[in-house]
Amino acid sequence: MVHQKQVSSVLNKHKQRDSWFLTEYSVNPYEGCSCNCLYCYIRGSKYGENMEDGLAIKSNALKILEKQLLARAKKGQYGFVAVGSATDAYMHHEDKWKLTQGMLELLLKYRFPVFISTKSTSILRDVELLKQIDQGAILPDDLKRKLNRGAILSVSVSSMNQKITNILEPGAATPEERLEVMHQLKQQGFLAGVNAIPTLPFLSDTEEELERTISAAKKHGADYILVGGLTLFGKERADSKPLYLNFLKRYDPALLPEYERLYGTNFFPPKKYLRKLKEKSELLSRRYNIRTSILTEHEETANGNPASTQSELF
Ligand code: SF4
């Protein structure tokens, strides 16, 4: 059942730029998500065990977003906007409600750059809109010297094993379909890559499975692969940690003690584990000649070639 709700704000400003995705803002057209991933960090009693049941359409979102974008644009406060940070911008309901499309039209109008990470094939519907954003967005001053485009598009892949993703991400496209979407985005000339976030301990973080993901990303033309660990929140029945541990109980109970050792009562794996995951993924990414950040090393240190400026807008 889909609810409608009114919101007073829709453009969230981050305290600082996200170092991985380069985003400074986020917008979420929907509350909840029909992809229904068991490990989703937004899971909890607020949304219930099946997030689709608690799904809400922010029915006045476009009106509010326009006001907020106009105010930011007037002050020259440009920055990448993550479209769908607590929902998949292209989950099933987007086909009917088209709120994401409406938001992209506003982001284009006010010339804000966008970052999207999706598990859906529906992003291909908006290719022409995204191309215009890519070419016309105004970047923050320091990024003008490093990046000359306004759209960064990722597909999210936690595992290449479809038996696992069918259970963990029941409402999402298959990993192969997502990679095919990314391939098509690359063919359309976008900066595009893979978010292997979360990578699943003992399931997709082994050398063999990581290589499977990284080599598949490379084969499909990804510009980058971002590898990150799994967070598991909460204690209530509908929270991600109990749901995920229940999945393990059915899928491979032998892994339960391993997870107990790794997480204990924490929501995050230890820093040592994350360091090792980073080392492993960087080694493999070098082997497959694919970078582990959105910017290239050259772009990280570049100093010239500003893209468009604010004065071109007003
Ligand atoms: S696609 Fe993202 S927002 Fe949607 S359920 Fe999965 S993890 Fe959560």
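I began with the sheet: it is open, has seven strands in the order S2-S3-S6-S7-S8-S9-S10, and its pairing is mixed. For the labels, I took strands (E, at least two residues) and helices (H or I, at least four) as DSSP runs numbered from the N terminus. Strands count as paired if DSSP finds at least two bridges between them. The edges are S2 (11–13) and S10 (225–227), each pairing on one side only. From one strand to the next the twist averages 25°.

Before going further, I noted that this is a predicted model, with local features needing pLDDT of at least 70 and side-chain atom pairs counting only at pLDDT 80 or more, while totals for chains, interfaces and linings use all residues. Residues are numbered from 1 along each chain as its sequence is written, and side-chain values use heavy atoms, leaving out hydrogens and water.

Next I looked at S7 (residues 114–118) and S8 (residues 151–156), which run parallel and are joined by five bridges. Thr118 has Val155 in S8 as its bridge partner.

Then the helices. H3 (residues 99–109) lies across S3 (23–27), S6 (80–83) and S7, at about 175° to S6. My axes are lines fitted to C-alpha atoms, for helices over the stretch in contact, with angles from 0 to 180 degrees between N-to-C directions.

How do the axes of H3 and H4 cross? They come within 9 Å and cross at roughly 25°, H4 being residues 127–136. That makes H3 roughly parallel to H4 (angles under 35 degrees are roughly parallel, over 145 roughly antiparallel, 65 to 115 roughly perpendicular, the rest oblique). In H3, Gln101, Leu104, Glu105 and Leu108 meet Leu129, Leu130, Gln132 and Ile133 of H4; contact here means heavy atoms within 4.5 Å. By class I get five nonpolar, two polar and one charged.

I also checked H8 (residues 207–219) against H11 (residues 271–287): the axes come within 10 Å and cross at roughly 50°. H8 and H11 are therefore oblique to each other. On the H8 side, the contact uses Glu207, Leu210, Glu211 and Ile214. This contact has four nonpolar, two polar and four charged residues.

Last stop, the ligand. Around it I found Cys33, Cys35, Asn36, Cys37, Cys40, Met51, Ala86, Thr87, Asp88 and Lys119, going by a heavy atom within 4 Å. The shell splits into six nonpolar, two polar and two charged residues.

Technical notes:
Ala, Val, Leu, Ile, Met, Phe, Trp, Tyr, Cys and Pro count as nonpolar, Asp, Glu, Lys and Arg as charged, and the others, Gly among them, as polar.
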